[in-house]
Amino acid sequence: MDNLDRGDYSKFYVPSALQDAPKCKQDMEEKKTAPSARRKHSFEKLIAFLVNELTEDDYQVQGPVLKPLQSLFNKMFIRRGQTAVSVIGDMTRATLLVKNEKDLRVIVKRVEEAFPSIHGKEFQGPSEVGVVTFLHQVFKMKKVPESDIIPYRFKANSSQKKKMDKGKPLLYNLNFFDGIPEYHRVGTTEMFVAFELQIGYEAEVNGLRVDHLAYEEGRILKAQPLLKAYKEAHEKSSESHVSTTAVPSSLTEKSESQDDMKLIAAVLEGNFFNCKYRALDQREIDGKGTAPISPERLCLNNKRLNIWADQRKAMILDGPFELVPSRRYSVDLMSFKMARRIARISVGLFAYFGPYVVQISALFLGCGREKEEVSLIKRGVNFLTMESISMLPPKCDGVVLVAWGEPRDFFDKEFTWTKVKESYHG
């Protein structure tokens, strides 16, 4: 999620996954299609860069809108396979409709001149070059001026194959990362999130618009014959129990939505079921604390931390602790103690992932816990993700413990991060 407004300070520093879960559930139930204000602003900055030589009468913008759940499910678990690390390149999409072909060529030329390395070339994703190499490449990519937008691919839309032979496509896809390649993991499926701006000649785009829901459903059912059989049997069962009493359409839609969620949950459960690993050895790390410095690496799955680190509201509590990158690690237990009752901070475990970090687990201390062992992870449960296995990312060469927030000790008005570090014991 991208709502970074402060709001209630007592909830502001709660780990983002806990804040976002009820909002995600609400958005799904309401079938929300509009992205956050932050994401809209990113699209606006990119479009402003592209239409620099045009007037407002020369173009029209549609969207941005979020990727439909059915389409996302298809791409994650049907088309890509359940274990592939992939890039979801159109999590949010907008369309820039240009009134005449000449202005379209002006925009295309602007992209080609500003980002020559991404035009017309096959994008090498994590499954082709390896996850760590991919992250280092993105880290070095050029950004749109005065923004954090990282364009990584610009190519003609797949509908333009015939026109490509003549060298004059009328619809293009521009894919980009917004500051970082956002990282998400569901069971054994790992993915990076990116966004897409379609740029096309208005008359051409209007002729290509189709309803993708039936298309996505067809692809899912073709790849999952058992799911197709279940759906057909369920539909026949429903038809045999038809009542003469009219059912409100809202109830029918709700029932269909609940059925969809059950089917998706069944596939996700399968994604977790076989997530078993054989332990080769064990390693214990006894933390001793370190000087209060802000994290330097950007976090891929907790964007709030990146802002707080820049504001010096996030500090490394302990580490980094070096790991062997050729091995794959999972965390069995993670705990610490505070000698004083420190309030209004969260503490999280982060793993090195290429030039970035990813959050593994986190906990909000609330009103503080004095001389009490605080666990982020225990054997069998991660208290942030509620998963039984807390895997570190591939090629991980270190972990670090980070605290963020506005630390308070109600008996010390001049409480500082240095005193937080003095109170900590790993």
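**Exercise 1.** Find the largest nonpolar core and name the residues with the most contacts inside it.

*Solution.* Start with the term: a nonpolar core is a set of buried Ala, Val, Leu, Ile, Met, Phe, Trp, Tyr and Cys residues joined through side-chain atoms within 4.5 Å. Buried means under 20% relative accessible area, exposed means over 50%, and partly exposed lies in between (1.4 Å probe, protein chains only). Next, count: the largest such core holds 45 residues, and F192, L300, F336, L349 and L392 have the most contacts inside it. Strand β11 (residues 343-353) gives the largest share of this core, five residues. Helices (H or I, at least four residues) and strands (E, at least two) are DSSP runs, numbered from the N terminus. Finally, look apart from this core for another one, of 34 residues, with L46, M91, I149 and F176 among them.

Before going on, note that this is a predicted model, where local features need pLDDT of at least 70, side-chain atom pairs count only at pLDDT 80 or more, and totals for chains, interfaces and linings use all residues. Residues are numbered from 1 along each chain as its sequence is written, and side-chain values use heavy atoms, with hydrogens and water left out.

**Exercise 2.** Which residues does L300 contact, leaving aside its neighbours within four places in sequence?

*Solution.* Contact means heavy atoms within 4.5 Å. With those neighbours set aside, the partners of L300 are L135, I180, P181, E182, Y183, F192, F353, Y356, V357 and V358.

**Exercise 3.** Is strand β7 enclosed or open to the outside?

*Solution.* Take its residues, 189-193: five of the five are buried, so β7 is largely enclosed by the rest of the structure. Then sort the side chains: T189, M191 and V193 point one way, while E190 and F192 point the other way. For pairing, DSSP must find at least two bridges between two strands. Strand β2 (residues 86-88) is joined to β7 by three bridges, and the two run parallel. Within this pair, V87 has F192 as its bridge partner.

**Exercise 4.** Work out the strand order of the open four-stranded sheet, and say which strands stand at its edges.

*Solution.* Read the order first: β9-β15-β11-β12, with antiparallel pairing. At the edges stand β9 and β12 (356-364), each with a single partner strand, so one side of each has no neighbour in the sheet. On average, neighbouring strands here are turned by 20° against each other, direction ignored; the axes are lines fitted to C-alpha atoms, for helices over the stretch in contact, and angles run from 0 to 180 degrees between N-to-C directions. Now zoom in on β9 and β15, which six bridges join. There, F321 stands opposite V399 in β15.
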